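Hi,

Here is the structure I said I would pass on.

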Amino acid sequence: MAKHDEVEPTGERKPKRTGREESRLAAAVVLAGLGTAFALLNLGHAKINYVFGSGHPRVIFVIVACLLLGAAIGWIAGRRRVRND
């Protein structure tokens, strides 16, 4: 009879990351850090001209919005389409 705190090996292993996946992860971490540092260093207000008017938001909000918009566009553009032939 096994005790509850003993762990039995299941034989399943997590797949290892490839070098390309590790490089992409490292690049994403570095870019996220640089983007965060850049946004935090720019806390002042700026005049922004929108399509229908203008405003004076903090620069950090503009930077974060642009980063999120760029990430969303990159994710959508990078998806692979599955064809149902």
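Helices (H or I, at least four residues) and strands (E, at least two) are DSSP runs here, numbered from the N terminus. On that basis the chain has two helices and two strands, in the order α-β-β-α along the sequence.

Two bits of housekeeping. This is a predicted model, so local features need pLDDT of at least 70 and side-chain atom pairs count only at pLDDT 80 or more, while totals for chains, interfaces and linings use all residues. Residues are numbered from 1 along each chain as its sequence is written, and side-chain values use heavy atoms, with hydrogens and water left out.

On confidence, pLDDT is the predictor's own score for each residue, from 0 to 100. The chain averages 79, and 79% of its residues reach 70 or more. Strand β1 (residues 48-50) has a mean of 84 and strand β2 (residues 53-55) has 89. Where pLDDT is low, the predicted coordinates should not be read in detail.

As for burial, buried means under 20% relative accessible area, exposed over 50%, and partly exposed in between (1.4 Å probe, protein chains only). Of the 85 residues, 7% count as buried.

Now helix α1. Val30 sits in this helix, which spans residues 19-40, and Ala32 is also placed in helix α1. Ala32 is partly exposed, at 45% relative accessible area. Its C-alpha lies 9.3 Å from that of Leu67, although Ala32 and Leu67 are 35 residues apart in sequence.

Cheers
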